[in-house]
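Hi,

I am passing along the structure we talked about, with some notes on its charged residues. Please have a look and tell me how it reads to you.

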Amino acid sequence: MSEETLYMQLVREWTELIGAGTVRPGERLPSVRKACALHKVSPSTVLATYRTLEERGLIEARPQSGFYVRAKAALPLPRMGRRSEALNMEDAATDQLEQVMAAQSRPDVIDLSLASPRGSDFYPTTRLKAIMGQLLRRHPELTTDYPFPPGSERLRRQIAQRGLSRGCVMAPGDIIVTNGCSEALQLALRAVCKPGDTVALESPTYFALIPLAQSLGLTVIEVPTHPSNGVSVDAIELLLSEQRLAAIVVQPVVQNPLGATMPLEARQRLARLASEYKVAVIEDAPHAELYYDGVSLPEAVRAFDEDGWVLLCSSFSKTLAPGFRIGWIAPGRFLHRVLQLKIAGSLGQPGLLEETLASYLEGGSYEPHLRFIRRQFMGQMTRLRGEVAARFPEGTRASSPSGGCLLWVELPKGIDTLALFRQGLAEGITVAPGALYSARGRYSHCVRLSCCYPWSDAYERALNRFAELARQAVP
């Protein structure tokens, strides 16, 4: 786009954000330098945008400080209008998942595959504890007032503001807070599908999606997914042209378990296909902020959605506070239906936890925390891949994740990782066998490992022992 087109687009987007209350009176706009990185434009474009907003009475410049939303801005827009071979699953997948999760819950087991760190080494636990104590003293009603959907407005405003870093223009009213990303995915599937419908899942995919689809009476089609470039959009377009899908569930950025990130053109194309075929895309994004090159996060598919067919789901469970179980969904055109389902199902989340996260996000510590956790994961991922290369059987291949803490390992054909899981469990070690990540039980020779723990002697011994079991299992 030309500089003039970009400039007018930014003016419209910031006008919408201010009008919707995503950025409130008195709040500071991003610096010119940060806005350039955020929107991928030149300083002159940002300055032209801010001057136009200032001329319209929406923002004001403060010497040596920056640009701020005016306390009494004359808003021309009331609220933004941007809305933005099949098979039935068997119980075996659910049974296997129950076994793995039961093993992960045992205190005597060293878990080599969990997708979220345990303990406080990776999280700002002390700061969250202090914020919670302050809130309890100042607002004791947070423990007595019943919380209702869509959730804390402060938290939803912070989520909407953070959406800008991934190209998403959202208002607080576009967002519903959920019980983790798992509930967000469940609500999304229930909103767009009915029993008997067919959904497309990546292959391999996040393992909990398979029993979730099964519980909703859905049929699954597995779509090939590349370890680096993500799901095949060509395959999705073919399925759409055959009118076989009610929904598509994808993790476009830092996919679980591969760690893949779809190229920009593929994400744009997927959004166009959703609009063209009027089929919902459920964008599962809990790991996206763990993208290693955190200077500029990849735009979400939701960023290119103009008709509201993309339902964006995420949470703070992988990045900030797993025990809080706070997630969210921006359901696009399905907002009213998702809100109905949320009210009928679980109502709201604990207000104290929501307000604690909102206060933390408002304090500006989240970005430094994300940089810290990305560095930790990057360093430990390099070390984990080195250990796999050095100690696992000859012929083993491993993914090269674009972010996060998960490593997909392909062992030589003929090795059964479900059998290895049982052997390891007998010795106090647990992994996630590859068959869990496919509705058809594919990837039986693969395993998901994780590097989201402090690298201790116990962890290294467990990893080496599992590698030894794998070498012994070579046919």
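Let me start with a network: Lys40, Arg267 and Glu299 are linked by salt bridges (a side-chain nitrogen of Lys or Arg within 4 Å of a carboxyl oxygen of Asp or Glu). Please keep in mind that this is a predicted model, where local features need pLDDT of at least 70, side-chain atom pairs count only at pLDDT 80 or more, and totals for chains, interfaces and linings use all residues. Residues are numbered from 1 along each chain as its sequence is written, and side-chain values use heavy atoms, leaving out hydrogens and water.

Arginine 267 sits in helix α10 (residues 264–277) and glutamate 299 in the loop between β9 (280–284) and β10 (310–315), so their contact ties together parts 32 residues apart in sequence. Helices (H or I, at least four residues) and strands (E, at least two) are DSSP runs, numbered from the N terminus. Both residues are buried (under 20% relative accessible area; exposed is over 50%, partly exposed in between, with a 1.4 Å probe and protein chains only).

Another salt bridge joins arginine 397 and glutamate 410, with the closest N and O atoms 3.0 Å apart. Here arginine 397 is exposed at 55% relative accessibility, while glutamate 410 is partly exposed at 24%.

Glutamate 427 and arginine 465 also pair up, at 2.7 Å from N to O. The count of salt bridges comes to 19.

Best wishes
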